[in-house]
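Take a walk through this protein chain.

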Amino acid sequence: MKNYKLNSENLSSISERITIPQYDRTKIKTGIVHVGIGGFHRSHEAFYTDQLLHDQSITDWGICGIALLNFDTRIYNTLKEQNGLYTLIVKELDGTHTNRVIGSVVEYLYAPENPTAVVEKMASPEVKIISLTITEGGYNYNEATKAFDFGNSLIQHDLDYPEAPKTIFGYLTQALKLRKERGLNGVTIQSCDNIQGNGHMTKTMLLSYVGKAEPSLMAWIESNVSFPNAMVDRITPATAPNDILNLIKTTGVHDAWPVVCEPFKQWVIEDDFIAGRPAWETVGAQFVENVEPYEKMKLSLLNAGHSVLGILGALVGYSTIDEAVNNPNISAFLNNYMDTEVTPTLGDLDSINLKEYKHSLLERFGNINIKDQIDRICSESSAKFPIFVLPTVNAQLIGNGTVELAAFIVAAWAIYSLGNDENGKSLIIKDAMELQLNEKAKMAVNNPKVFLEIESIFGQLKNDKTFVAAYTNAYKNIVANGVEKSVMDINSNVLNEI
Ligand code: CS2
């Protein structure tokens, strides 16, 4: 079988072997600028949009992908070489793969090389939506001060050199300023990150920055920019070298960076698009009035569930999520956590069948074909815990509910932050706060509570006696008996309490 590089020129040659876009990409204009064109955007929004573009009458919702950070060169170069095309490999539950070339990314820019082009693109009249996947930490929110973090040196840089920004806040400010000056239409800024009230968060953080950088723009933003909240979902592991090889072997298509994901996908969006939007509902997205309950459910069950499996699994020595969830003691722990500590905090979920949702999560986590990396899940835990786990703790404490299991997870994270698993093997910890976490973790060996002193993560939790007692107890138990044995103990305690 002859191998073909994936690019526009070769599309017709590979069309017999792989599903390719059935629309004329040269006719598609950019209506969406997306910042952070990583795996998740490519398995989710770009996928939905590709499906939509198969309706030949829709030509104005193509995507321009922005690689924002210095280390995003690889994705930018790949997109450039492949004319924005990439393969989405859906790993089905039965072990088969559904491969499809996605065509919705019709432009791409590398911000560090050409910041002006990025600002101009964001400010161009045909662009109606600027969407974001900039990760949980990208919003520059400080948990301790509950405010925008002006201490960040990159933010300081953007304030000093507004014409050559480095952060999303600097870029958006410049682009919105141009839109205002040129009398252009407003725009929607749409967060696709895992944050409760992600639209509110985006708005609050942006306005904090603009208040300092360009105060005269505040009123224009209030009336011309909308920030819909959304719940986004599709498990998208990091692409492994084998995924690339396997695609070549089975299809003869050489794609330098395909995206792998699970079959499940969900996108629940508040219908608040000031400059119009694609009819994503025709390809499976849900538009609702209030997305908050969906977000809460997903963040505190799925994302927190991931962190539970990731941290406990890493300590035991596993490398993928399915290994962790297929350990019956760990999955029993996760079930207990979801039922006894998370569920009471979720409030009214309308039409959602929570029992079914939780069951489906266990099934999705257990998909042995996905091989979602524990390293990926545990990365940037310092940004994830305050969003995924700690809101449950706070809500439970307010309602006098139990926090034993959440405290156990935090204790396991403190031990994880020492940098070794229980077999003495070193862990790959990728976290913007890695050094601080490690420093506190070392001090916590003699006095577990010290780990909770990181206020930018835990706020004032160190002062809550109930939580500290449960946490300290769990910490000691894990150190003395190891994760599995202490998970079994805590599972049987929960059983007795029920
Ligand atoms: C994961 C998410 O990063 C994480 O910790 O929980 O990436 C998760 O896989 C997605 O949100 C699924 O929609």
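What follows starts with the domains and ends with the cysteines.

This is a predicted model, in which local features need pLDDT of at least 70 and side-chain atom pairs count only at pLDDT 80 or more, while totals for chains, interfaces and linings use all residues. Residues are numbered from 1 along each chain as its sequence is written, and side-chain values use heavy atoms, with hydrogens and water left out.

Begin with the domains. The chain is assigned domain 1 (4-288) and domain 2 (292-497); such bounds come from an automatic or database domain assignment. Contact, meaning heavy atoms within 4.5 Å, takes 32 residues from domain 1 and 30 residues from domain 2. The C-alpha centres of the two domains lie 30 Å apart. Together the domains bury about 2300 Å², with 58% of that on carbon and sulfur atoms. Buried area here is the accessible area (1.4 Å probe) that two parts lose on being put together, summed over both.

Now look at the polar side of this interface. Across it, 12 residue pairs are in polar contact, both residues at pLDDT 80 or more. A polar contact is a pair of N or O atoms within 3.5 Å; within protein, one must be able to donate a hydrogen and the other to accept it, and residues adjacent in sequence count only if both atoms are side-chain atoms. On the side of domain 1 that touches domain 2, strands E12 (230-233), E15 (266-270) and E16 (286-288) each supply at least two residues. E12 gives the most, with four residues. Helices (H or I, at least four residues) and strands (E, at least two) are DSSP runs, numbered from the N terminus.

Which charged pairs cross between the domains, and how many salt bridges are there? The count between domain 1 and domain 2 is two. A salt bridge puts a side-chain nitrogen of Lys or Arg within 4 Å of a carboxyl oxygen of Asp or Glu. Asp233 pairs with Arg364 at 3.0 Å, N to O. Arg364 also meets Glu262 in a salt bridge, at 2.4 Å, N to O. This second pair links distant parts of the chain: Arg364 is in helix H14 (residues 354-365), Glu262 in the loop between strand E14 (259-261) and E15, 102 residues apart. Shared partners join Asp233, Glu262 and Arg364 into one network. Arg364 is buried at 9% relative accessibility, and Glu262 is buried at 2%. Buried means under 20% relative accessible area, exposed over 50%, partly exposed in between (1.4 Å probe, protein chains only).

By the salt-bridge rule the count comes to 17. One of them joins Glu120 and Arg182, with the closest N and O atoms 2.9 Å apart. Glu120 is in helix H5 (residues 115-122), Arg182 in the loop between helix H7 (168-181) and strand E10 (187-191), 62 residues apart. Glu120 is partly exposed at 33%; Arg182 is partly exposed at 43%. Glu143 and Lys146 also pair, at 2.8 Å, N to O. Here Glu143 is buried at 16%, whereas Lys146 is exposed at 52%.

Finish with the cysteines. The disulfide count is zero, a disulfide being a pair of cysteine sulfur atoms within 2.5 Å. For Cys261, the nearest cysteine sulfur is that of Cys192, 15 Å away. Cys261 is buried, with a relative accessible area of 0%. Cys378 is buried too, at 2%.
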